Amino acid sequence: MTDYPISEIEAQTLRNPAYIEQMRKQAKTVERSLDVPGKPESLWPMISATDFLNQQAGMKTTNTFFLQQASGSPWMHAQTKNAGLTVAYEELPYEWLAPYHYQVERLHSKGPLKYLSFGVDLKPLNAYITLITCRIRFVSYLPGAVARVLVQKEVNKFMSLFQALAMKQQGGQLLKAFYTPESENLTQINALVKSWEAFEPNPEIRFALADYILRAPERLAYRIRPRELAEAYQLDSLALLKACLRLTRQQQFHLMWDCRCPGCKGPKESFRHLSELNAVAYCESCAVNYGVAFDQNLELSFQPDHQIRPVSENYFCAGSPANTPHISWQANILPGLHLTSVLDLEPGYFVLRTLLCPNEITVHIDSSGANELVLEIQDLLCLNGSPAPDSICLQAGALLKLTNNRSVCCTLMLEDIGWQSQTISAAEVQSVQAFHDLFPDQVLAPGESLPLQSQVFLLAYSPLESDAADELQHLCHGLIQAHEGAALVLSTMQTLGIFASAYEALAAAWDLRQELANLNLMYEHPESLVLALSQGPCEVYCDGERLNYRGLAIEALHLARQQSQDGIIASESFFQAPSLSSFFELAEAEWLRLPNPEGEDYLQLREQAMALEW
Amino acid sequence: MVNTAAALFDPTAFQLPDILKTVKGPAVQSPPVQAEVRFVEQQLEREHTRPQPQANVTRNLTRQVQQQRELARSDQLKQILLQAKALRATDPSVPEYTQGLMQGIASLKACFADAAAPTDLETMNLWFPLLKCQELKWEALQAGTAVDVPTPEAKLLDKWRRLKGSLSAVEKATVYQLILGLNALIERRTLPHNIESSSSDPAVKTTPAQAADTIQTTVSEPFDPMTSGRQILQLRAKILRSCSEQEKQGLQTQLSRLLQQQSDYYALRREQSLGLHQSQYARLCQELKQALSAAQIQQMREQTVKQLAHLQRLFDQDKSHPGGPEIFVSASRQLARLGLSDAEQVLTQEQIQQSGWIQGFSAQAQASLKAWLASFQLLLNALKQSLEALNQRAKQAQADALADQIQAAHASFAKQSQALVYLEQAWQDADDPAEQSALRQKLLQAYAELILDLPTP
């Protein structure tokens with residue numbers, strides 16, 4: 001961890017609530033408004049991406065430092081250059097209500113300003129036009145008139161940028177909004193597309209990758225996330241992932257395993273090889289240790305080789321709302337102060353939390369909810385002097401009234417539970433055969449293991465060791481791959497299929513049954529094949545030179561295998577999923593159920609199995 | 001999988017049976033290498049040219065190449081199999097039928113031609129004579145002479161089933177099915193009045209527009225329900241994992257098209273099967289007009305029940321009409337009750353139910369089902385009449401037998417009566433008491449035998 005550039009006392013002085021209040025009172029305001037086409041929802045991803053906005057506005061990169069606090073959010077100090085001068089400041093966390101408003105406050109320790117608050121409001125005028133207001137409030141060491149001219153210039157610069165972004169109308173896509181013009185890189189893009197012909201047959205995928213690497217802002221190009229890219233270019237994310245894997249094998253890209261913090265979702269630790277990974281990582285912006293789960297927050301991304309584009313992960317604004325899109329609302333409350341906020345949110349489920357308090361509240365936004373919530377921040381989040389309930393229902397536009405009874409500044413946030421991350425998890429990658437084929441040495445360190453919340457498995461098992469066993473195994477291998485799974489040969493009689501989706505696992509099982517019926521014409525005695533499907537928690541570990549799985553889902557597989565001599569047997573969760581019901585309506589195969597792992601039947605089976613085998 | 005050098009195989013040195021020695025067969029070209037296979041092969045080639053190739057990566061990619069090749073060839077073979085299956089609905093006397101058969105053999109040969117030949121000696125030693133057998137059939141078809149399945153083929157096919165060579169199980173199974181299928185088609189060619197088997201798959205086309213035509217001899221783009229089933233599963237999985245609305249829409253369109261094709265395919269198969277069965281019922285009705293034995297009629301009923309089960313399975317594909325399969329279950333019930341005392345009552349009841357189920361179908365399907373039902377009723381009536389005639393004949397035969405029996409008994413009684421008269425006369429005429437006693441015993445014995453021979457009431 002790098003040393004904090006200013007002393008804690010100096011930082012404390014700048015962050016003193018009385019000082020902040022004083023700055024707020026003294027601050028002069030410069031603002032400008034502009035009508036732009038588009039709705040706040042579609043403009044928000046671009047207008048709130050202050051990191052890229054700053055870069056486009058010609059600002060320099062910032063170095064950020066964090067100072068861990070005994071409780072609450074760590075302090076952040078940033079250093080940058082402006083017109084050749086060093087500028088340094090303590091930054092309070094950004095405050096926002098997506099997609100209508102954001103602002104940030106900075107208490108300067110170096111530079112021509114003492115205080116700066118930068119804010120943007122997006123107000124829908126009608127269904128097609130949004131009024132954007134950019135506001136800078138400042139306290140300067142410079143003479144008032146000079147400072148005002150300089151700040152006005154900054155505001156104008158941002159307004160021009162907002163206008164240009166709105167005119168691009170990228171449909172809310174952050175990725176392409178900040179690209180450099182195509183004409184600047186066209187020759188290079190075409191050359192790259194051509195040179196990759198042998199590695200990727202689909203020209204659209206080649207173009208998407210080349211276009212992105214050469215035109216995206218450096219911080220984005222530094223980390224290629226196949227799912228994000230697939231969405232921006234309307235491509236199949238799996239095909240794009242496979243292309244990235246092949247290009248990595250040709251040294252065009254490098255693998256990058258990112259451990260994402262469950263709080264801020266940022267990739268806080270990254271490694272080139274799985275064996276470098278630890279089960280626990282640290283996030284300095286949230287000041288927490290967090291566990292790494294194979295299917296939850298361990299992501300595979302790709303970094304272009306420096307010969308294609310030298311990239312580094314430079315930030316122009318580390319606390320930008322666009323860096324934490326899963327947070328819909330965030331606010332700071334100075335000690336002893338009150339805050340009233342209108343929760344103008346879409347219906348859905350959110351989690352209200354702060355690093356200061358151990359409890360959190362699930363907020364359900366629904367028309368039947370209350371129109372006001374009054375909370376106090378004490379040791380816990382409290383309602384009427386008692387710990388707040390775990391769950392509260394509020395209507396859209398409800399008032400949230402907060403009082404900070406703690407002695408430190410409190411940052412509160414509402415996380416959208418429904419927000420979908422565009423990550424490709426390590427568990428998903430394990431279900432791609434190309435990954436196993438091309439990177440067989442990418443395994444965890446010996447003795448290391450990581451949990452998986454849920455993994456889908458298909459076990460194909462020939463109960464009788466026959467001459468046809470190797471043929472059946474070959475068939476299983478082929479069909480598991482045909483349904484986008486990866487096959488792991490356990491023995492001559494058993495093949496394990498690893499799948500990213502339960503649907504694909506069932507489809508593979510179904511297909512195997514169909515093909516087996518054809519193959520049985522060839523055999524004097526029909527071959528039987530048990531197909532056991534399970535889905536559930538387990539653990540991935542290094543088994544010799546390859547990854548293997550153990551735990552509940554694997555245990556269920558083996559139990560299922562013992563329950564059947566032929567046919568398809570699946571754990572209860574498969575029968576519960578509505579998207580899979582079409583399979584169970586097919587009359588041609590018998591679908592057997594493995595009892596629920598929490599039920600008594602399952603325990604009985606487990607005891608029987610243990611008596612028999614273990 | 002065995003992977004010995006097939007280059008060691010010398011066709012000129014191979015000891016072929018005399019019948020196959022001079023066979024040439026069709027001239028074919030090896031199939032073009034599919035883009036997917038070529039791509040994986042290139043990937044493997046690149047791996048070999050690395051300064052330090054990784055053994056496990058090379059091994060994995062080699063397996064991928066093999067799998068891709070197998071997949072490509074399995075698909076080709078399945079297409080040929082489908083083309084062959086489509087011929088089953090064609091009149092064997094038309095030239096297109098023979099051309100279709102020849103094309104099937106040529107395509108099979110092309111599948112394994114030149115570079116695509118099996119890569120091990122064990123497989124080549126079987127495939128080579130097996131191919132020669134097919135070429136012999138091809139030459140006979142071309143010459144227009146009688147086509148016989150060469151004698152060695154059965155033994156070769158049996159060995160083929162047990163072969164452990166470089167071909168995948170799916171490839172072997174498809175070749176096996178294809179050769180048997182071609183043989184069945186060749187046999188059908190010599191039996192012009194062949195009745196379609198219950199498992200027959202009529203030729204189908206993929207679009208409703210084409211469906212309006214009559215059944216064609218060959219299918220330009222055969223629709224494989226199994227392949228399309230797999231594609232449907234893959235597309236649904238893709239939709240589930242897709243994160244782009246636009247991509248989802250595109251996939252949904254593809255899925256809808258495929259589902260529509262599948263729906264059309266089964267609708268057309270239902271239509272065609274109903275049509276085929278109608279013509280078969282008409283033929284059966286004709287046959288029933290001749291005096292048939294009970295065993296022949298029973299065989300007909302069993303065959304019809306099998307066909308009804310086939311129709312039932314076919315209508316089970318259409319989940320939108322749950323009453324579909326019931327129509328044929330009901331028809332089976334009617335067949336089963338035929339000839340029994342409550343037949344009329346059951347038949348009427350089932351027919352009412354069938355009419356109700358038919359109402360749920362589209363107008364076109366209703367018309368086909370009604371036409372089929374009418375022809376089925378004609379068959380039932382013909383069967384009923386035949387059974388009645390058979391019953392009548394049996395009753396007559398029984399009556400005749402009884403009459404014969406009575407006549408024989410009467411003759412025997414007359415003979416015995418005459419004997420009694422003679423015995424009685426002799427007994428009365430006898431003077432010697434010993435002789436009289438012996439005759440008395442004989443007379444009593446004759447009376448007792450007469451009483452025993454009298455018919456019981």
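## Close-up views of a predicted two-chain model

**View 1. Strands β9 and β13 of chain A, with the residue pair A:H254 and A:Q303.** A:H254 stands opposite A:Q303, which lies in β13(A). The model shown here and in every other view is predicted. Strand β9 (residues 253-260) of chain A is joined to β13(A) by seven bridges, and the two strands run antiparallel. Helix α11 (residues 237-249) of chain A packs on the sheet and touches β9 and β13 of chain A. The direction of helix α11 makes about 120 degrees with that of β9(A).

**View 2. The open sheet β10-β9-β13 of chain A.** Three strands of chain A make up this open sheet, in the order β10-β9-β13, with antiparallel pairing. At the edges are β10 (267-271) and β13 (298-304) of chain A, each of which pairs on one side only. From one strand to the next, the twist averages 35 degrees.

**View 3. The hairpin of β11 and β12 in chain A.** Strand β11(A) and strand β12 (residues 288-291) of chain A run antiparallel and are joined by four bridges. A:Y282 has A:N289 in β12(A) as its bridge partner. Four residues lie between the strands of this hairpin, in which A:A287 takes a positive phi near 55 degrees. Side chains alternate along β11 (residues 280-283) of chain A. A:A281 and A:C283 point to one face and are buried.

View 4. Together β16(A) and β17(A) form a hairpin with six residues between them. Within this pairing, A:Y349 stands opposite A:H364 in β17(A). Five bridges also connect β16(A) to strand β21 (residues 410-416) of chain A, again in an antiparallel arrangement. Here A:V351 is the residue that stands opposite A:E415 in β21(A).

**View 5. The largest nonpolar core and the surroundings of A:L531.** This core has 111 residues, of which A:L458, A:L506, A:A509, A:L531 and A:L533 touch the most other members. Helix α15 (residues 502-519) of chain A gives the most to the core, with 11 residues. With its neighbours within four places in sequence left aside, A:L531 is in contact with A:L458, A:A460, A:A509, A:L512, A:R513 and A:I568. Another core, of 66 residues, lies apart from the largest one, and its members include A:I6, A:F52, A:L113 and A:A322.

**View 6. The side of chain B that touches chain A.** In this interface, 32 residues of chain B are in contact with 35 residues of chain A. Two or more residues on the chain B side come from each of α2 (35-49), α3 (55-86), α7 (169-189), α9 (225-241) and α10 (245-289) of chain B. The largest share, nine residues, is that of α9(B). By type, the chain B side divides into 14 nonpolar, 10 polar and eight charged residues. The model scores ipTM 0.78 and pTM 0.75.

View 7. Chain B contains 15 helices and zero strands. Of its 457 residues, 27% count as buried. Among contacts in chain B between residues at least 6 apart in sequence, 72% join residues at least 24 apart. Mean pLDDT for chain B is 80, with 88% of its residues at 70 or more. Over residues 192-220 of chain B the pLDDT is below 50, and this stretch has 58 contacts in the model beyond near neighbours in sequence. Where pLDDT is low, predicted coordinates should not be read in detail.

**View 8. B:S417 in helix α14 of chain B.** B:S417 is found in helix α14 (residues 363-429) of chain B. B:S417 counts as exposed because it has 12 C-beta neighbours inside 10 Å, and the cut-off for exposed is 12 or fewer. B:L82 is 335 residues from B:S417 along the chain, and the C-alpha atoms of the two are separated by 80 Å.

Terms used: Residues are numbered from 1 along each chain as its sequence is written. Chains are lettered from A and ligands numbered from 1 in the order in which they are written. Two residues are in contact if their C-beta atoms, placed from the backbone, lie within 7 Å. Ala, Val, Leu, Ile, Met, Phe, Trp, Tyr, Cys and Pro count as nonpolar, Asp, Glu, Lys and Arg as charged, and the others, Gly among them, as polar. A residue is buried if 20 or more other C-beta atoms lie within 10 Å of its own, exposed if 12 or fewer, and partly exposed in between; C-beta atoms are placed from the backbone. Two strands pair if DSSP finds at least two bridges between them. pLDDT is the predictor's confidence in each residue, from 0 to 100. Axes are lines fitted to C-alpha atoms, for helices over the stretch in contact, and angles run from 0 to 180 degrees between N-to-C directions. A nonpolar core is a set of buried Ala, Val, Leu, Ile, Met, Phe, Trp, Tyr and Cys residues joined through C-beta atoms within 7 Å.
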